[in-house]
Amino acid sequence: MTKKGLKAGARKKRRMYLLLTSLAVLGLAVMLVLSALEDSIRLFYDPTEIAEKGIKPGQNFRLGGLVENDSFEAQETGGILVNKFTVTDGNETVAVIYEGLLPDLFREGQGVVAEGAMNGTGVFVATEVLAKHDENYMPKEVIDSLKKRGEWQRTEASKDDTP
Amino acid sequence: MIAELGHYMLVLALGLAVLQAVFPMIGAARQDGRMMMIGQPAAYGQFIFSLAAFASLTYSYIVSDFSVAVVARNSHSLKPMLYKISGVWGNHEGSLLFWVVFLALFGALVAYFGRGLPKSLRARVLSVQAMVGVGFYLFMLITSNPFERLPNVPFEGNGLNPLLQDPGLAFHPPFLYLGYVGLSVVFSFAIAALIEGRVDPAWARWVRPWTLLAWVFLTTGIVLGSWWAYYELGWGGWWGWDPVENASFMPWLVATALLHSAIVVEKRDTLKSWTILLAIIAFSFSLLGTFIVRSGIITSVHAFATDPERGLFILMFLALVIGGSFLLFALRSDKLQAGGLFAPISRESGLVINNLFLSVAAAVVLYGTLHPLLSDALFGVKSSVGAPFFNLVFGFLMIPLVMIMGLGVHFKWKRADIKGISQRLKAITGLSLLAALMTLYVTYGGDIMPVVWMGIGIWLLLSMLQELSSRVKLGQVPLKDSLSRLKRQPRSSWGMSLGHLGFAIGLIGIVATSSWSLEQQKVMRIGESMTIGDYTLRLDDVIAVAGPNYSAVRGIITVTGKDGASFMAHPESRTYISSPMTTTEGAVETTMAGDLFIVIGDAQTSGRWGVRVYYKPMQVWLWIGSTIMVIGGLFSLSDRRYRIGSPQGKKAAGKKNTRSAAHAI
């Protein structure tokens, strides 16, 4: 074989090694992604969906909506702060309980997203209330949910003939 | 008047960008020297005009001209001067203007420092750079004009989001943008090379400093952002795998891969198509990052005001740039001749595997970031992908990457002697196993992965030190000779050693702080105490203080360590006058062993204060390690062979047409 042919052969071989390694790494990554995804996806529900879907207690998810006005109260027991408030989407409401200090931008009448699970008595026990950086910022999911529910309310309202 | 002038300057800059995009490209195709020459003055002019536009906007901020819409929305007359100025880029319109100024600056720098480049290559690079610029000028002028006036001039501005009023954040976006935009130069070089149909070691030598520069800026920008989040947000978090954070991390991963593959092109004249592809992907990720941050299409905690319509424009631009460049790549990449051969175990292979893992890691981060978007669009399921996903997948992919990093630096080009290397690494491998066992003992009963990672981190650190000491023949020749060898090391080897050592130090910090952090919170009355780890905190008093544009409550806290020594901590909770917003100013006590981080807040019940305390072991290692990485990058950048006007550079330019000449250098 000529030197050139030899070189081309070696190049082909190298390319095959490279392809096999790449495929192996990619396969590993896909496997990891699939196995990790199952446990770390958090579905997002608004209060109406919680009422409709009958979510099992203990299943982790994200709840989003507005903090209902005049619903917030905090109690301190033994140095631990227990916060109670209601999250609404203008249609249904869910009672939320959260132990710990709330983020700075938590306000009544504003959007909130919390992570946690329902307990047996229909109360959402939040393990985390997500912080945001901008007092005007509303998570996209909450906007979508409010729009959806808002539309629903408007059609309902026109039926009832009330403004 | 000044604002209108700024607007006019922006339009002029657009005009010059169009000239710069069109004529040099045609000139290069026709080998018309005069047409190619247009690129240079156009690049300088474009930079001057965009800078003038930027200066006009900055002026409007400084004098608090609230008739300009963005100033009224984002500034306040009582703001300290630093934040009036940083407010210029603390919003969508201003940050875009910032983008194009940097884009034009880099174009001008290519025009100036690229005098040694082959004429047609330089013309094409400048043209591509200007094409990207045209997209951004149009975007700005059509959808987000920073010089828009308000019909009714408000008496006072809305104020900058108080969270942004911080030195860390004043400088975080500029560095990040310099990084993003720096990658545009690399992209322009890649597209120009595809059009030329030629990539050689000389090309790599021109591209590598730009990649390094972009990488240094990107690293600095990401670290500043992370540091800001750590001390300003008051949650002790420095990385959350939030879409916006990922948006800056993906280009970083690809830029890091590119940094390594460009070495192979430069030294061994191979991996060319791959390197071109990486350059295109790196800049695509920069654009994607801008899209994710600006469109608000993915929920992020870092999202400030967003606008989906603008997102659509960027998406179209993104499709055009990425689609166009991939098409060009598909059509032209076969023109690039494959170069030198190497054995499966060699430095080249090590770098290929490095590239493989870095790009797969970037792909995984991309998937995790876009998954919520895909599942919503395809199945109507709203979801989010949390940190556990990224920690698990990314963490697993990092193990082989770090291993190959520790091994690869010992590999020789072409063919490496694996037996000899494993023989040499026996001692440090033993030491690392010992360190892992000690970690296991100290943290017994905890997770096993942090122990594994600690062992790997220490092994990497030792391996890098061993590489450096073998290079200066420490122990084989008298110490004095070793020292003088150390002094004679080229800057680029210093860059490599520092970059990798910094990475190892940062890695150890990351492992410690994310595995063994402590957190305590308590609602306290004055005089009460709480404990965390080895520390006891007593809330002595809470006083009211007034700042320039905020009022605050400040906790007076005595912290006592295990050894009885005590110090005072003064965390604050600030409420800003211009917007009803509270921010925390945590008190941080930093030692090499760990940070004690104290945050105070209103407990919403009278006479009591919410105190949150974190203990973050070895947190400072992360900041030290990343600083060393950046210094390493700067060292590499100052290496002789990249120096402007060095004889080598001129020689390369003089013999531009012969590939063998490029080889000889």
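Visitor: Is the crossing of α17(B) and α19(B) left-handed or right-handed?
Guide: This is a predicted model, in which local features need pLDDT of at least 70 and side-chain atom pairs count only at pLDDT 80 or more, while totals for chains, interfaces and linings use all residues. Helices (H or I, at least four residues) and strands (E, at least two) are DSSP runs, numbered from the N terminus. A crossing is left-handed if the near helix is turned anticlockwise from the far one by less than a right angle, and right-handed if clockwise. For α17(B) and α19(B), the crossing is left-handed.

Visitor: At what angle do helix α17 and helix α19 of chain B pack?
Guide: Residues are numbered from 1 along each chain as its sequence is written, and chains are lettered from A and ligands numbered from 1 in the order in which they are written. Axes are lines fitted to C-alpha atoms, for helices over the stretch in contact, and angles run from 0 to 180 degrees between N-to-C directions. Helix α17 (residues 449-471) and helix α19 (residues 491-515) of chain B have axes 9 Å apart, and their angle is about 165 degrees.

Visitor: How is α17(B) oriented to α19(B)?
Guide: Angles under 35 degrees count as roughly parallel, over 145 as roughly antiparallel, 65 to 115 as roughly perpendicular and the rest as oblique. The angle here is about 165 degrees. Therefore α17(B) and α19(B) are roughly antiparallel.

Visitor: How many residues of the contact of α17(B) with α19(B) are charged?
Guide: Two residues are in contact if their C-beta atoms, placed from the backbone, lie within 7 Å. The residues that meet include B:Trp453 and B:Leu461 in α17(B) and B:His500 and B:Ile508 in α19(B). Ala, Val, Leu, Ile, Met, Phe, Trp, Tyr, Cys and Pro count as nonpolar, Asp, Glu, Lys and Arg as charged, and the others, Gly among them, as polar. This contact has 14 nonpolar and 4 polar residues, and the number of charged ones is none.

Visitor: At what angle do the axes of helix α8 and helix α10 of chain B cross?
Guide: Helix α8 spans residues 167-196 and helix α10 spans residues 243-268. Their axes come within 11 Å and cross at roughly 45 degrees.

Visitor: How is α8(B) placed relative to α10(B)?
Guide: The axes cross at roughly 45 degrees. That angle therefore makes α8(B), relative to α10(B), oblique.

Visitor: Is B:Ser64 buried, exposed or partly exposed?
Guide: B:Ser64 is found in the loop between α3 (39-62) and α4 (69-74) of chain B, and has a positive phi of about 50 degrees although it is not a glycine. A residue is buried if 20 or more other C-beta atoms lie within 10 Å of its own, exposed if 12 or fewer, and partly exposed in between, with C-beta atoms placed from the backbone. Because B:Ser64 has 17 C-beta neighbours inside 10 Å, it counts as partly exposed.

Visitor: Which phi does B:Lys473 have?
Guide: B:Lys473 is found in the loop between α17 and α18 (479-488) of chain B. With 13 C-beta neighbours inside 10 Å, B:Lys473 counts as partly exposed. Although B:Lys473 is not a glycine, its phi is positive, at about 55 degrees.

Visitor: What percentage of the residues of chain B count as buried?
Guide: The secondary structure of chain B comes to 22 helices and 11 strands. Of the 665 residues of chain B, the share that counts as buried is 55%.
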